[in-house]
Amino acid sequence: QVQLVESGGGLVQPGGSLRLSCVASGESFTLFGMGWYRRAPGKQRELVATISHDGTTNTVDSVKGRFAISSDTAKNTVYLQMNSLKPEDTATYYCNCIALLTTGSSKNSYWGQGTQVTVSA
(Lines give C-alpha, C1' and ligand atoms only; values in the text may rest on other atoms or scores of the structure.)
Protein backbone atom coordinates (compact mmCIF):
# COMPACT_ATOMS: atom_id res chain seq x y z
CA GLN A 1 0.00 0.00 0.00
CA VAL A 2 0.92 3.64 -0.46
CA GLN A 3 0.16 6.13 2.28
CA LEU A 4 -0.39 9.81 1.54
CA VAL A 5 -0.12 12.44 4.25
CA GLU A 6 -1.18 16.02 3.54
CA SER A 7 -0.17 19.10 5.47
CA GLY A 8 -0.31 22.86 5.19
CA GLY A 9 -4.01 23.58 5.42
CA GLY A 10 -5.49 26.19 7.69
CA LEU A 11 -7.42 29.42 7.98
CA VAL A 12 -6.41 32.30 5.74
CA GLN A 13 -7.92 35.63 4.81
CA PRO A 14 -9.12 36.33 1.27
CA GLY A 15 -6.17 37.24 -0.92
CA GLY A 16 -3.81 35.21 1.22
CA SER A 17 -1.64 32.23 0.37
CA LEU A 18 -1.12 28.69 1.56
CA ARG A 19 1.17 25.89 0.46
CA LEU A 20 -0.07 22.33 0.75
CA SER A 21 2.31 19.38 0.84
CA CYS A 22 1.69 15.68 0.40
CA VAL A 23 4.20 12.93 1.00
CA ALA A 24 3.80 9.42 -0.38
CA SER A 25 5.31 6.56 1.57
CA GLY A 26 5.03 2.81 1.97
CA GLU A 27 6.43 -0.31 0.47
CA SER A 28 8.41 -0.11 -2.74
CA PHE A 29 6.42 1.59 -5.45
CA THR A 30 6.67 3.70 -8.59
CA LEU A 31 4.68 6.89 -8.87
CA PHE A 32 3.04 7.69 -12.19
CA GLY A 33 1.37 10.89 -11.17
CA MET A 34 0.09 12.90 -8.25
CA GLY A 35 -2.63 15.44 -7.86
CA TRP A 36 -4.88 17.53 -5.71
CA TYR A 37 -8.64 17.40 -5.46
CA ARG A 38 -11.02 19.30 -3.24
CA ARG A 39 -14.50 18.92 -1.82
CA ALA A 40 -16.37 22.01 -0.75
CA PRO A 41 -19.27 21.76 1.69
CA GLY A 42 -22.32 20.35 -0.06
CA LYS A 43 -20.47 19.72 -3.31
CA GLN A 44 -18.81 16.80 -5.02
CA ARG A 45 -15.08 16.29 -5.02
CA GLU A 46 -13.44 18.05 -7.94
CA LEU A 47 -10.06 18.03 -9.60
CA VAL A 48 -7.74 20.94 -8.83
CA ALA A 49 -4.41 20.05 -10.42
CA THR A 50 -2.30 17.08 -11.45
CA ILE A 51 1.33 16.47 -12.26
CA SER A 52 2.63 13.46 -14.13
CA HIS A 53 5.88 11.59 -13.58
CA ASP A 54 7.48 13.58 -16.41
CA GLY A 55 6.46 16.89 -14.85
CA THR A 56 3.51 17.68 -17.10
CA THR A 57 0.95 19.67 -15.15
CA ASN A 58 -2.76 20.25 -15.53
CA THR A 59 -4.66 22.93 -13.60
CA VAL A 60 -8.39 23.51 -13.78
CA ASP A 61 -9.57 26.85 -15.10
CA SER A 62 -11.11 27.97 -11.81
CA VAL A 63 -7.69 28.14 -10.13
CA LYS A 64 -5.43 28.72 -13.12
CA GLY A 65 -3.11 31.65 -12.53
CA ARG A 66 -3.61 31.41 -8.76
CA PHE A 67 -2.63 27.83 -7.91
CA ALA A 68 0.48 25.97 -9.00
CA ILE A 69 1.31 22.31 -8.58
CA SER A 70 4.87 21.05 -8.33
CA SER A 71 6.68 17.98 -7.10
CA ASP A 72 9.94 16.71 -5.68
CA THR A 73 10.29 13.23 -7.13
CA ALA A 74 13.24 12.39 -4.91
CA LYS A 75 11.04 12.98 -1.88
CA ASN A 76 7.84 11.53 -3.36
CA THR A 77 6.23 14.83 -2.49
CA VAL A 78 3.73 17.02 -4.29
CA TYR A 79 2.96 20.62 -3.47
CA LEU A 80 0.10 22.97 -4.18
CA GLN A 81 0.95 26.65 -3.94
CA MET A 82 -2.28 28.58 -3.53
CA ASN A 83 -2.23 32.34 -3.98
CA SER A 84 -4.96 34.98 -4.11
CA LEU A 85 -7.25 32.68 -2.21
CA LYS A 86 -10.98 33.29 -2.36
CA PRO A 87 -13.78 32.22 -0.01
CA GLU A 88 -14.97 29.81 -2.70
CA ASP A 89 -11.66 27.96 -2.39
CA THR A 90 -12.77 26.81 1.05
CA ALA A 91 -12.77 23.02 0.96
CA THR A 92 -11.09 19.89 2.15
CA TYR A 93 -8.13 19.28 -0.13
CA TYR A 94 -7.17 15.71 -0.91
CA CYS A 95 -3.93 14.38 -2.29
CA ASN A 96 -4.07 11.57 -4.83
CA CYS A 97 -1.46 9.44 -6.52
CA ILE A 98 -1.32 6.73 -9.14
CA ALA A 99 1.25 4.14 -8.20
CA LEU A 100 2.43 0.69 -9.11
CA LEU A 101 3.63 -1.46 -6.25
CA THR A 102 6.78 -3.46 -6.92
CA THR A 103 4.81 -6.53 -5.87
CA GLY A 104 1.78 -5.55 -7.91
CA SER A 105 0.70 -6.04 -11.49
CA SER A 106 -1.42 -2.96 -12.04
CA LYS A 107 -1.51 0.69 -11.10
CA ASN A 108 -3.79 1.82 -8.32
CA SER A 109 -5.13 5.11 -7.06
CA TYR A 110 -4.45 6.16 -3.50
CA TRP A 111 -5.91 8.99 -1.43
CA GLY A 112 -4.85 11.00 1.55
CA GLN A 113 -7.19 11.85 4.41
CA GLY A 114 -7.45 15.49 3.44
CA THR A 115 -6.47 18.84 4.85
CA GLN A 116 -8.93 21.65 5.50
CA VAL A 117 -8.49 25.02 3.83
CA THR A 118 -10.76 27.81 5.02
CA VAL A 119 -10.69 31.22 3.38
CA SER A 120 -12.52 33.77 5.49
CA ALA A 121 -12.16 37.25 6.83
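Thr115 touches Glu6, Ser7, Gly8, Gly9, Leu20, Ala91, Thr92 and Tyr93, leaving aside residues up to four places away in sequence; contact here means heavy atoms within 4.5 Å. The model is a predicted one, in which local features need pLDDT of at least 70, side-chain atom pairs count only at pLDDT 80 or more, and totals for chains, interfaces and linings use all residues. Residues are numbered from 1 along each chain as its sequence is written, and side-chain values use heavy atoms, with hydrogens and water left out.

Thr115 belongs to strand β11, where strands (E, at least two residues) are DSSP runs numbered from the N terminus. With a relative accessible area of 11%, Thr115 is buried; the word buried stands for under 20% relative accessible area, exposed for over 50%, and partly exposed for what lies in between (1.4 Å probe, protein chains only). The side chain of Thr115 also reaches the backbone nitrogen of Gly9 at 3.3 Å.

A look along the whole of strand β11 (residues 115-119) shows an alternating pattern of side chains. Strand β2 (residues 10-12) pairs with β11 in the parallel sense over three bridges, and Gly10 stands opposite Val117. Strand β9 (residues 91-101) pairs with β11 over three bridges as well, but in the antiparallel sense; here Thr92 is placed opposite Gln116.

Strand β9 leads on to the cysteines. A disulfide is a covalent bond between the sulfur atoms of two cysteines, and for this search the two sulfur atoms had to lie within 2.5 Å. Searching the whole structure turns up one disulfide. This disulfide joins Cys22 to Cys95, with an S to S distance of 2.1 Å. Because Cys22 lies in strand β3 (residues 18-26) and Cys95 in strand β9, the pair ties together parts that are 73 residues apart in sequence. The link of Cys22 and Cys95 is left-handed, with -85° about the S-S bond, and both cysteines are buried. Cys97, by contrast, is in no disulfide: the nearest cysteine sulfur, that of Cys95, is 6.7 Å away. Cys97 counts as buried, since its relative accessibility is 0%.

Terms used. Helices (H or I, at least four residues) and strands (E, at least two) are DSSP runs, numbered from the N terminus. Two strands pair if DSSP finds at least two bridges between them. A polar contact is a pair of N or O atoms within 3.5 Å; within protein, one must be able to donate a hydrogen and the other to accept it, and residues adjacent in sequence count only if both atoms are side-chain atoms.
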